[in-house]
Every structure is written in C-alpha cells, then in structure tokens.
Amino acid sequence: MAEGSPRGLPLTQDTLRGIATISAGYAVITAADAAVKWALPEVGVAMAMIWRGVFGMLAIALLSGGRRLWPRRVPLLALRSTLHCLVTVAFYLAWFNHFPLADSYAVNAVAPLIMTVLAIPLLGEQVGWRRWSSTAVGFVGVLIMLQPGGDLWRWETAMILAGTATLAVTRIWTRVLAATDTPQAIAFWLLFAHGPMGLLLLPVFPPVGPLLPGWDVAFALAFLGLANGCAHFLFARAFA
C-alpha cells in the first residue's frame, strides 16, 4: 500500500478515481453551459443565476440525502462561493452578448495552467520539470487557439480571462476546503450563493422576458441547476 493514501488504497488508484470523477464533472457542466447559453436571451444573467442556485441546491440535497451540508470553514467557503458567482457573471454576460461557447472554452483552457502556478504558493506543492514542460506546451497550445490579435479578441475575451483566473483560485480553494469540509457542503454553499447574488444583480441585469419563462426555457434552466449541482459535487469529490 502506498504511504499517504487516506484510505489505504494505492496512490495510483486514488489518482485515477480523481481523474475519472473530475472528467465526469466536466462532461456534465459542459452540457449545462450549452443549456444556459441557449436560455440566457430569454431570461437574462441575474435570473439564470437564481435558477442555477435553486435547482443546484436541490440536486446536492438529493445527492447527499440532506446530510453533512453544514460548513466548517465558513469564511473561506463564503469567499470562494462569492468569487465563483463573479466567475458566473463573467461567462453568462459574455454568452448573453453572443460570445461563442467554443471560444469561451478556448479562453478557459488557461485555467489549468494558472492552477499549476498557484499550487506552489497556495498549496505548497512541488512542480517538477516535466510538469513545467507540459505547462509551457499547454500555454503554446492556448496561444494557438486564441490567436492573439485575431477575431476572438473582443472585450468579452478580457472579461472571460479575468473570470478564468478567478476560477483557478476557487478551484485551488476547493482543494484546501476538501481537507475539512464535505464535498456536498462545498458544492451546496457555492450554489446557495448564486441565489442572493442573482437577486442583488437584478437591477443591473433585469429579466429579459417574463419571470416565469416558457416550458422549454424553464426545462433548460432546471437542467442547468441540477447539472451544475451534480458537477460541482463531483469536482469537490475529486479534489477530496
């Protein structure tokens, strides 16, 4: 058995389980992003956040059976959840202004690179030459996708880049919180924050259509929330 494995499992098995879990989370949240981009023109940024928060909390409550949702490190969890709401605003506003989903994902590809750098001061991790080399190669790949000076460079690009950097910080904090808080608590309070934040932003981003949208839009928004709840639960579980 590998030393340092929390449950006595070989370290490679724990690593593979983490990779599989976070990959599943990315697959789920990609579908959720497609749903909200389609629904945003019908409801607006703030209302989409509220729907995400309500149904996201419901999904996590169902997954956890309502157990172990109370946080331990309240200040850090509150700060992380608030920052993640700002990330949501950045992406939703860009998509509301018809920024292509594929282009936003290309910009978001810098997040793992930022996380690699931040893991050194924030987590005390050591990054060897192999990971530095792969990070450099990844950065070159991102530049090829972004094509600096090309059509992709709009004001929304700068906003998404800022959101991506903030997202990297929140994911680092997910790893920190996983040492003390349960995955369901980490995910639940992140989605909870989207409700009041959406209400606060209603004067800035008022509803585009009726408060109760058509059944197809309502279904997409409900799926958005439920899928986000599942995805963030998987992210927190993977880092744990």
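## Pockets, a cavity and helix packing

Let's start with the second largest pocket, which has a volume of about 330 Å³. Keep in mind that this is a predicted model, where local features need pLDDT of at least 70, side-chain atom pairs count only at pLDDT 80 or more, and totals for chains, interfaces and linings use all residues. Residues are numbered from 1 along each chain as its sequence is written, and side-chain values use heavy atoms, with hydrogens and water left out.

A pocket here is an open set of points on a 1 Å grid over the protein atoms alone, with protein on both sides within 12 Å along at least five of seven lines; a cavity is a set where a 1.4 Å probe fits but cannot get out, and lining residues have an atom within 4 Å of a point. Volume is the space filled by probe spheres set on the points, which are joined across faces, edges and corners.

The second largest pocket has 19 lining residues, and Ile29, Asp33, Asn108, Leu167 and Arg171 sit nearest its centre. At least two lining residues come from each of helices H1 (11-43), H3 (74-96), H4 (101-108), H7 (155-177) and H9 (215-239). Helices are DSSP runs (H or I, at least four residues) numbered from the N terminus. H3 hands over the largest share of this lining, six residues. By class, the pocket lining splits into 10 nonpolar, six polar and three charged residues. Nonpolar covers Ala, Val, Leu, Ile, Met, Phe, Trp, Tyr, Cys and Pro, charged covers Asp, Glu, Lys and Arg, and the others, Gly among them, are polar.

What about cavities? Searching the whole structure turns up one cavity of 30 Å³ or more. The largest cavity has a volume of about 60 Å³, and its lining is Arg80, His84, Leu167, Thr170, Arg171, Thr174, His232, Phe235 and Phe239. H7 gives the most to that lining, four residues, while H3, H7 and H9 each supply at least two. The cavity lining has three nonpolar, four polar and two charged residues.

Now for the helix packing. Two packed helices are described by the angle between their axes and the distance between the axes. Axes are lines fitted to C-alpha atoms, for helices over the stretch in contact, with angles running from 0 to 180 degrees between N-to-C directions.

| Helix pair | Axes come within | Crossing angle |
|---|---|---|
| H2 (45-64) and H8 (183-201) | 7 Å | roughly 155° |
| H3 and H8 | 8 Å | roughly 55° |

H2 and H8 are therefore roughly antiparallel, whereas H3 and H8 are oblique. Angles under 35 degrees count as roughly parallel, over 145 as roughly antiparallel, 65 to 115 as roughly perpendicular and the rest as oblique. The H3 and H8 crossing is right-handed; its contact (heavy atoms within 4.5 Å) includes Arg80, His84 and Cys85 of H3 along with Trp189, His194 and Met197 of H8. That contact has 10 nonpolar, five polar and one charged residues.

Methionine 159 is in H7. Leaving out residues up to four places away in sequence, methionine 159 touches Ala90, Leu93 and Ala94. Methionine 159 and phenylalanine 91 are 68 residues apart in sequence and 7.9 Å apart in space, C-alpha to C-alpha.

Notes
A crossing is left-handed if the near helix is turned anticlockwise from the far one by less than a right angle, and right-handed if clockwise.
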